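Morning, everyone. I'll walk through a few spots.

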Amino acid sequence: MVITMWFRRWLTLAMLLAMVMPLQAATGFGQLFTEDDAQEFLPVDKAFKVEAALVDATHAQLRFIVAPGHYLYRERIQLVSPTGETAQLTLPSGEAKNDPNFGPQQVFHHDTVADVVFSAAVPAVLQVRYQGCSEKGLCYPPQTKSLPLNAVASPAATNTTSPLAALETEDEVSGKLLSSGRWWQIVAGFFGAGLLLAFTPCVFPMIPILSGIIVGKNAHTSRAKAFTLSLAYTLGMCLTYTLAGVAAGLSGQLLSNALQTPAALIAGALIFVALSFSMFGFYELKLPSVIENAFFNWSKRFTGGHLLSDFLMGAISALIISPCVAAPLAGALLYISQTHDVVLGAVALFSLSLGMGVPLLLIGASAGSILPKAGEWMNAIRRLFGVLMLAVAVWVVSPILPVALQLLLWAALCIIPAIYLRAIDPLPTTATTGQRLTKGVALMLLLYGIALLIGAWSGARSPLQPLQTLTAGRQAALPALSFQRVRSVQELEQAVQSAQGKRVMLDFYADWCVSCKEYEQFVFSEPAVQAELKQMLLLQADVTANNAQDAALLKKFALFGPPGIVFFDAQGQTVQPVIKGYHDAGRFLKILQSIGGSPHA
Amino acid sequence: MRKVASIVMTVLLMVVLGSGFRWLYLNRHQFLATEATLPDESHMNALWNATLSDQKGKTYPLAQFKGKPMIVNFWATWCEPCREEMPEISELASAHPEVAVLGLAVDEAAAVHEFVESTPVVYPLLIAENEGMPLAETLGNNKGVLPYTVIVSAQGEITHIFFGRVSRKMLSSALNL
C-alpha cells in the first residue's frame, strides 16, 4: 500500500518533469524562426567570430568561431598585419569542398584554432582577414578585423597567466565556458555556478517558502514525501530559468537588461515586501482558493496533488528572485542570445537552476530531522527571514533610489527590529545570558540605525560609511566627473582625434541602466579613481533612446548594452579589456592601472 | 485574512504575468521573423548617382536606366551561390530585353574578366569592388550578404529585395513577367 502510494507520487513527479520536456519541442519551434527559415540570416559578426590570445612571447593563437551552417574558406584566412616576414600563420587542414569554379577548396565548418608565430617583436594588434559563406546559399564579403594582443610584460611572466585573466568578470567566464561547446563541461560548470548562487542572500526567501510548504501544509510528512515536495518545487524553479534560457536563445536580446529596468526592480521589491509581510504573519501566502481548489480537484485524480502547486510555487519564486540573480545570469544569457542556440541555452540554465536548488533539496531530504516542530522558535526565525526579505527588497531597489532615501530605509530596517528585540526595554535583574546577549546585539543594531539616520541627513554616500561626511569633512565630497557627450560613431572619432595624445575613456550610459548609476555613485565618485581619470578625456554615450546611432556605437565595441567602458590609448587605438558590466572601485582601479595608467598612488 | 491573501496573490500573479506579456509584446519583433523593410525612394539616389565601369573599362552612368524595370544583382566571383544563379538571370535578361539587368561585382576587375571568359552573361557586369557593399547596404542589405538582388520598378521604387540565391521564377514573379 505504502509502496504503491510512493510509486504514484513519483509518477506525478515524472509528469511534472514531462511538463519541462515540451521545452525541447519549443526549441525546435524556435529554430523554425531562427535557423531553418531561409529568410533569416545571421549578420556576418554572428556567423563568424575571431578572437586572438597571446600564448607566450613569440606565439599567439587565433580562434575562429563558426556558427552552425556556415563555413570559412581556409585559403582566404590571411594575416593583414604584421606582414609575411615577421609573422607566420599556420592553419589546420580543413574539410574538402568542391567548388565548380575554383576546384577543390578547403573550408572550416567548425571552430578552428590557428597559430601565429612571430619572428620579430610581438605587435600590439593583429589584423586578420577572412571570408566565408552560409550553407543557405549566400556569402559574406571579406572581413578584416583588428585584434589587440595583450603584450607579455617580461620573459619571466610567460609562465603565469596574464594579470588581466584574473580580472575576468563572472559573465566572461560563463560566456567562455559556453563557447567551448563541450556539453558535459557546460552542464557541470553551470551546476557549480548554481551551487555558488545558492549561497547568496537571493535564495534566502526560497528557504522559508519551501519549509513552509513542507512543514506547514503537511505537518506529519515523511522524509521521502518532503524530499519529493522540494524536488517538485526545485523543478518549478528550473522551469522558469530554462524558459529564460530559451527566451534568450530566441530573442537575441539581453534579458538581464530587461530585468534591470526600474519597473522590474520595483515589482521585484514589492514582491519581497509582500513575502516578508507573510513572514510576519499578517497573512498566509497561498494561491487564490479558486485556483487552488481547481488544481486540487484536478490533481486529486493523480494523488500527491500538492506536488503541482509546489511546482508552480517554485516557478513563481524563481521569477521573484530573478532581479536579484540577474547579474550572474547575464553572461550566460549574453552568449546564448549571441548564438541563437536555444538548446544550449536551455541546458545551461537548467543545470544552473538545478545547482541552485541543491540546498533546497537537502532541506527537503532532512525534513524529518533538521526542521524543528513548529513553535515560538519557528516564529522568531520566520520574522528574521521577514526582515532579511525586506533588506533584499531595499537592496534590489536601491540603484534607482537617491542615497538619502536608501539610508533612511536601511535605518528603519535596523531600528525597528532593534526595538522588537527589546533594545530599549530594561532587562529584569533575573535576565538569562541569552536575553543579555540579545539585548547587546539589539543595541548595536539600534546604534547603527541611528548612525544611518545621521548619515541620511548629513549627505553620506554609502550605507557602509554613514558617518563619512562627519569624519572626513565636507571637502571629501568630490564633484561628479564631467563627461563630454558623443552621439554617433563620427562624433566619437572626432573626439578621440581631438584628444591630442591624451588617453580617452568612453562610458556607455542609459537612464534605465542600473549598473551605470552604480558606476556614478560608487566608482566614479571614488577619489582614487578620479585621480586616475584626471589625465583622460572622458566621453559618454547616452544610449537611453537606443536609436540607430546608439546601436552603431554599441556594435562598434561588440557591446550589447550599457554598462560598457572602452579605453583608447594616446594613439587613439582601442585598448583591451573593454569593461562590460559592473566592477567595483577596486577592480576598476586595477584595470585602469593595468592598461598603462601611470602607476601612482 | 485568507481572503486578503488570495487577493494579494492574484494581484501579484497578474502583475508578474502581465509585465511578462507586455515585455514579450514590446519585443515581439525580436521573436518573429519580421518582413524585411524595403528601403524608400530617397535611398535610390545612391544608385542613380553612381557611375561604374565594366571589366573592360566601359563606363555606365546608372541614371541611364531610370524609367525601366530593373534587376540589380550584387555578386562576387568568390561567392558560389552568386555564380550559380547568374545563368538563370542571364536567361531572363535575354528573354526580356525591356528589363534592365545589372550585375554589380564586389570584386576585382581582373577576377571578373577571368570569370566572364568561362561563364558569359548577356547583361553588363559592373565593377564595384569598394562601393558595392555600402551601396547594397543603402539599398536594404542590412545583413551585408551576397548575393543580394534588388528589383526596381519603372517608377523608380524598390519593390522586392532578395537575400541569397534567387531563381528565374522568383525574379519573373517579382517583375510580373
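Two strands pair if DSSP finds at least two bridges between them. Helices (H or I, at least four residues) and strands (E, at least two) are DSSP runs, numbered from the N terminus. This is a predicted model: local features need pLDDT of at least 70, side-chain atom pairs count only at pLDDT 80 or more, and totals for chains, interfaces and linings use all residues. Residues are numbered from 1 along each chain as its sequence is written, chains are lettered from A and ligands numbered from 1 in the order in which they are written, and side-chain values use heavy atoms, with hydrogens and water left out.

Start with a sheet in chain A. Five strands form an open sheet there, in the order β13-β15-β14-β16-β17, with mixed pairing. Which strands are at the edges? They are β13 (484–485) and β17 (574–580) of chain A, and each pairs on one side only. Strand β16 (residues 564–568) of chain A pairs with β17(A) in the antiparallel sense, over four bridges. In that pair, A:F568 stands opposite A:T574 of β17(A). Helix α17 (residues 489–497) of chain A packs on the sheet. This helix touches β13, β14 (503–509), β15 (536–542) and β16 of chain A. Contact means heavy atoms within 4.5 Å. The direction of α17 makes about 170° with that of β15(A). Axes are lines fitted to C-alpha atoms, for helices over the stretch in contact, and angles run from 0 to 180 degrees between N-to-C directions.

Next, two helices. α14(A) and α15(A) pack at about 160°, with axes 8 Å apart. That makes α14(A) roughly antiparallel to α15(A) (angles over 145 degrees count as that). Residues in the contact include A:L407 and A:W410 of α14(A), and A:L445 and A:Y448 of α15(A). By class, the contact has 18 nonpolar, two polar and no charged residues. Ala, Val, Leu, Ile, Met, Phe, Trp, Tyr, Cys and Pro count as nonpolar, Asp, Glu, Lys and Arg as charged, and the others, Gly among them, as polar.

Now the loop between α14 (403–420) and α15 (433–458) of chain A, where A:R422 sits. A:R422 has a positive phi of about 65°, although it is not a glycine. Buried or exposed? A:R422 is exposed, with a relative accessible area of 56%. Buried means under 20% relative accessible area, exposed over 50%, partly exposed in between (1.4 Å probe, protein chains only).

Last, chain B. B:F163 lies in strand β7 (residues 158–163) and is buried, at 8% relative accessible area. The peptide bond from B:L146 to B:P147 is cis, with omega near -5°.

Key
Angles under 35 degrees count as roughly parallel, over 145 as roughly antiparallel, 65 to 115 as roughly perpendicular and the rest as oblique.
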